[in-house]
Amino acid sequence: YYVTNLYPVVVTNVNKLFHLLAITQGNKTVAETKMNRQSSRAHTLYRLYLTRTEEQRTVRSTISLVDLAGSENIKQSNAQGVNATEAISINKSLTVLAHCLSLRAANSKIQPPYNTCTLTKLLKETLDGNARTHMVVTLSPSDVN
């Protein structure tokens, strides 16, 4: 799957990695809604390709770090215009991701619909096959969410 203006950056030390992460965090699009002062308007995906050589053997691993924008109730957030369009897209991709994860967790014979949205297309390699997935979830304590 191809993403416009995406290119690899070689990182050889942790300081450069943290520097790049800080730059990308600064580039994230946020907007104020009635529910959230700094609402993420898109998901963020970092993919790290690690290579280690030991005794003439090379081991390659991939780590995907995903920062998902939260689902948004458009009526409660009062999102309008571009913000409403972004919220609809975010909600759709989260629904498709949840469906894919449910099918994988149930060891279903049904193929998860990875090609339904960009998020799951990009995460297919991470979610399918010989991959381990761990999630860290932040939930709102608010009754209205």
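Predicted model: local features only at pLDDT ≥ 70, side-chain atom pairs only at ≥ 80, totals over all residues.
Asn 5 counts as exposed, with a relative accessibility of 69%.

Asn 107 can be read alongside it. Here phi is near 50°, again a positive value in a residue other than glycine. You will find Asn 107 in the loop between helix H3 (82-105) and helix H4 (118-127). Is Asn 107 buried or exposed? At 66% relative accessibility, Asn 107 counts as exposed.

## An asparagine inside helix H3

Another asparagine, Asn 91, sits in helix H3. Once neighbours within four places in sequence are set aside, Asn 91 is in contact with Ser 71 and Glu 72. For a sense of distance across the model, take Asn 91 and Leu 6: they are 85 residues apart along the chain, and their C-alpha atoms are separated by 24 Å.

## The S3-S4 hairpin

Now to the strands. Strand S3 (residues 44-54) pairs with strand S4 (residues 57-67) in the antiparallel sense, over 11 bridges. Two residues lie between S3 and S4, and the two strands form a hairpin. In the turn, Glu 55 has a positive phi of about 45°.

Within strand S4, have a look at Ser 64. Which side chains does the side chain of Ser 64 meet in polar contacts? One is that of Arg 47, at 2.9 Å, and another is that of Thr 126, at 3.0 Å. Leaving out neighbours within four places in sequence, the contacts of Ser 64 are with Leu 45, Tyr 46, Arg 47 and Thr 126.

## The largest nonpolar core

Which residues make up the largest nonpolar core? There are eight: Val 96, Leu 97, Cys 100, Tyr 114, Cys 117, Leu 119, Leu 123 and Leu 127. Helices H3 and H4 each supply at least two residues of this core. As a general background, nonpolar side chains in soluble globular proteins tend to be buried together.

Leu 97 gives a view from within this core. Apart from neighbours within four places in sequence, Leu 97 is in contact with Leu 68, Leu 119, Thr 120, Leu 123 and Leu 127.

How many disulfides does the structure hold? The count is zero. Cys 100 is in no disulfide, and its nearest cysteine sulfur is that of Cys 117, 7.1 Å away.

Cys 100 counts as buried because its relative accessible area is 0%. Cys 117, at 9% relative accessibility, also counts as buried, since the cut-off for that label is under 20%.

Terms used. Residues numbered from 1 in each chain as written. Heavy atoms only, no water. Buried < 20%, exposed > 50% of the residue type's maximum accessible area, 1.4 Å probe, protein only. Helix = DSSP H or I, 4+ residues; strand = E, 2+ residues; numbered from the N terminus. Contact = heavy atoms within 4.5 Å. Core = buried A, V, L, I, M, F, W, Y, C linked by side-chain atoms within 4.5 Å. Pairing = 2+ DSSP bridges. Disulfide = S-S within 2.5 Å. Polar contact = N/O pair within 3.5 Å; in protein donor to acceptor, adjacent residues only side chain to side chain.
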